[in-house]
Amino acid sequence: MCNERPWWKRPLRVIQTNLQVLDTPRMDEARIAAQIEDLGANVLVVNVGGIYAWYPTALPFHTVNPCLPKDHDLLEALLAACHARGIRVIARFDFSKASDRTYQMRPQWFARSADGSPQVVGAMRPGNWDLLYTTCINSGYRNAELAAPALREALGRYDLDGVFFNAPHAPNCHCEACKAKYLALYGAPLPDDEAQWDPGWKSRCLYDNIGLLRKAIRETRDVPVILYYGIASDNLYERLATCDMICAEPQDVLSLGWKEIPQSFKPALCIRLGRSEPTAPPPFGIIHSCPGMDWRHVGLPPAEYLYWMSQVPANGGYIWHSITGIPDTIGDKRILECVRTINTQIRTVEGCMDGARSRAPVALLWDMHADDLSKAFGGQMTAPANGWAEAMLSTQIPFDVLLPEQVASGRLAEYRVAVLPTVPRDAAVLSALEAFVAKGGRVVAECSRPLDARPAELLGLAPGGQVSEYLQASYLRFAPGAEDLRRDLGPTPLLPHRGRTLYAQPRDARTLCTLVPPFAPMEAVGAPPERASLPVPETDLPLLTLRQAGEGCAAAVLFPLSAMLSELKLHDHELLVRNLLTALLGDALDIRLAQPLRGIQLMDYQGPGGRVIHVVNGVGQRPLSQNLPLQVELVLRWEKGAAPRVRGLLCGEPEVRLEGGELRIRTAPVQTWEVLTVEA
């Protein structure tokens, strides 16, 4: 039908076979298509061009896979076999590198270090391989002289359904083309020190490059273009301007060692950021099967792998499995069983999630260009929003991620509370926050530097302030009347405190927590205990304040709470966040766990047929060696009369009871992921 949605705007389950050229003779196209279908995917991503052409290209300098069969066209046969089974095929292109033979013929296409030398990749790699050189994003290879013609050739010859650019970002390049472009854009020479580069430089290079390539694609075939977005430093809107769908790649790189284990919520946060623009299709979450590219020929522990993958659909994204090779060349068959398991579950629930929207009452501002402040507090470098995200996930506070552009455009009206990990300086964002509070919204802002006049007025504090030295052996004390903040903390007046604190003066804000200064320097905290008493047990120096503004209010956190949450992971601090947000949310928070449980993620949606609630179980020490089945009790405020029908789509029927205006739902044992539907 003419009004039917394009295939790429329907629920998708993707498998990417990262093909190895030496495995080419083992590729049976009909068998591969049958295996992809058996694994539950409806999209296959295959190598087509770039480093190697997986078809007989006529373009000079487009290196052909030397193992391609001579008697038939492998790509054409694979497309026919997949299309016969209703499987779409996306072409993977990687123009980030090229062979040393191309470098010898066209050295001007390649990236240069500051000393002018080319950038060689894997020079010591064993095997009879060509050397690979990094290409420059502003060169002819990645633009009009090779990449654009290769796209036109492949899309003109084959019935491909889409294009995905692997490794599309700009390398650190000091070639003459980059120097000229930088000077034209910024009116200054390209600095030798890459830390001095304009923060928008590499994103702009990618924007220009993909814009040119997308034009070449559109002129040849009307297919969607898929592009990475980065959670740490990328410009989401520049990516959306040059593609149709976006993908993130939250790798679970266990090979870095236990002390560097990726944050447990990484896939959830990546997908929430990708979902922040409501006009874009749901983002893809690319999950690599391996515990690190150095171990790409084995799989993640199955329990860890299932937990990592389940966060993608539970947070509203499309799963994209990245595996090394085809099913017949994968030695670790546990990978395939995990892929089949999660795809079967996704197929069960994707209908109720198609078109679903988040019911989260909290917006977490994610400013990719905010100063990275955590190191100022003596900790590791982490994004300022990470600690807040982790605390809300650990205490099951549903939240969405918003960018400053979205706040400025009025999106805050959809939420009750806005969490600001840093105080914004942009005038449009500040105006939106002021209007939000004036209309009854609530703001929580972590303040790390002396305050300018506008944010100070919003928070009810005097402008300015003084940042302290790094405080240790110090405490947070609850002020009288702040009992709501102490819920589930027990009879303690103090919580641990650490880091550089902003000494600020309240004007029309109430102090909820105060500072207890250090009782000793660090070398003396343990001995002698006879001198461990607090010399100043109470001060009027605020750590947490609240300003009422009509129906709205604004809370100021004057210490590095986000960094403490990321680095210390003390449950007391997580409960402080939960209690603060719960108090601000009031009746807007109508769902909770009967008892907060770290390791459980809770996502809440309004689907086309009713409410859809996801529970992801990651309880246990990571990397998970086994999934521990748990029954989880959810409490929903219910004022609609009789109890609704509640179904468990993955784990079995839940126990449901209605008690005094609350609907209590006790799930069947959740091994990794459960989806509940609540039909009014």
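In the predicted model, four strands form an open sheet in the order β22-β25-β28-β27, with antiparallel pairing. The edge positions are taken by β22 (591-593) and β27 (655-659), each of which has a single partner strand, so one side of each is left without a neighbour in the sheet. From one strand to the next, the twist averages 20 degrees. Strands of a sheet pair through backbone hydrogen bonds, in either a parallel or an antiparallel arrangement. The pairing of β27 with β28 (residues 662-666) is antiparallel and comprises five bridges. Opposite Val 656 stands Ile 665 of β28.

Strand β25 (residues 633-637) of this sheet contains Glu 633. With a relative accessible area of 18%, Glu 633 falls under the 20% limit and is therefore classed as buried. Its side chain makes a polar contact of 3.2 Å with the side chain of Arg 657, and a polar contact of 3.1 Å joins the side chains of Glu 633 and Arg 664. When residues up to four places away in sequence are not counted, Glu 633 touches Arg 592, Leu 593, Ala 594, Arg 657, Arg 664, Ile 665 and Arg 666. The C-alpha atom of Glu 633 is separated by 48 Å from that of Ala 170, a residue 463 positions away along the chain.

Helix α6 (residues 201-220) has 20 residues, which at 1.5 Å a residue should span 28 Å; the C-alpha atoms at its ends are 29 Å apart, in agreement with that expectation. The buried residues of α6 are Trp 201, Ser 203, Cys 205, Leu 206, Asn 209, Ile 210, Leu 213, Arg 214, Ala 216 and Ile 217. An α-helix has 3.6 residues a turn, so residues three or four places apart point the same way. The buried residues of α6 pack against the helices α4 (147-157), α5 (176-186) and α7 (236-240), and against the strands β7 (162-165) and β8 (225-228).

Arg 214, one of the buried residues of α6, is also a partner of Asp 244, with a polar contact of 2.7 Å between the two side chains. Asp 244 lies in the loop between α7 and β9 (245-248) and counts as buried at 13% relative accessibility. The side chain of Asp 244 makes a further polar contact, of 2.9 Å, with the side chain of Arg 218. Beyond residues up to four places away in sequence, Asp 244 touches Trp 8, Arg 214, Arg 218, Val 223, Pro 224, Val 225 and Pro 281.

Helix α10 (residues 334-353) also has 20 residues, and the distance from its first C-alpha to its last is 28 Å, close to the 28 Å expected at 1.5 Å a residue. Buried positions in α10 are Ile 335, Leu 336, Cys 338, Val 339, Ile 342, Asn 343, Gln 345, Ile 346, Val 349, Glu 350 and Met 353. The elements covering these residues include the helix α9 (302-314) and the strands β1 (13-18), β11 (318-324), β23 (600-607), β24 (610-617) and β29 (673-679). Following α10 is Gly 355, which has a positive phi near 85 degrees.

Helix α15 (residues 561-568) is mostly covered, with six of its eight residues buried. These are Leu 561, Ser 562, Ala 563, Met 564, Leu 565 and Ser 566. Packing against the buried residues of α15 are the helices α11 (386-394) and α16 (571-585), together with the strands β16 (442-446), β18 (494-503) and β21 (552-557). A positive phi, near 55 degrees, is found at Lys 569, which follows α15.

Methods. Residues numbered from 1 in each chain as written. Predicted model: local features only at pLDDT ≥ 70, side-chain atom pairs only at ≥ 80, totals over all residues. Heavy atoms only, no water. Helix = DSSP H or I, 4+ residues; strand = E, 2+ residues; numbered from the N terminus. Expected span 1.5 Å × (residues − 1). Buried < 20%, exposed > 50% of the residue type's maximum accessible area, 1.4 Å probe, protein only. Contact = heavy atoms within 4.5 Å. Pairing = 2+ DSSP bridges. Axes fitted to C-alpha atoms, helices over the stretch in contact; angles between N-to-C directions. Polar contact = N/O pair within 3.5 Å; in protein donor to acceptor, adjacent residues only side chain to side chain.
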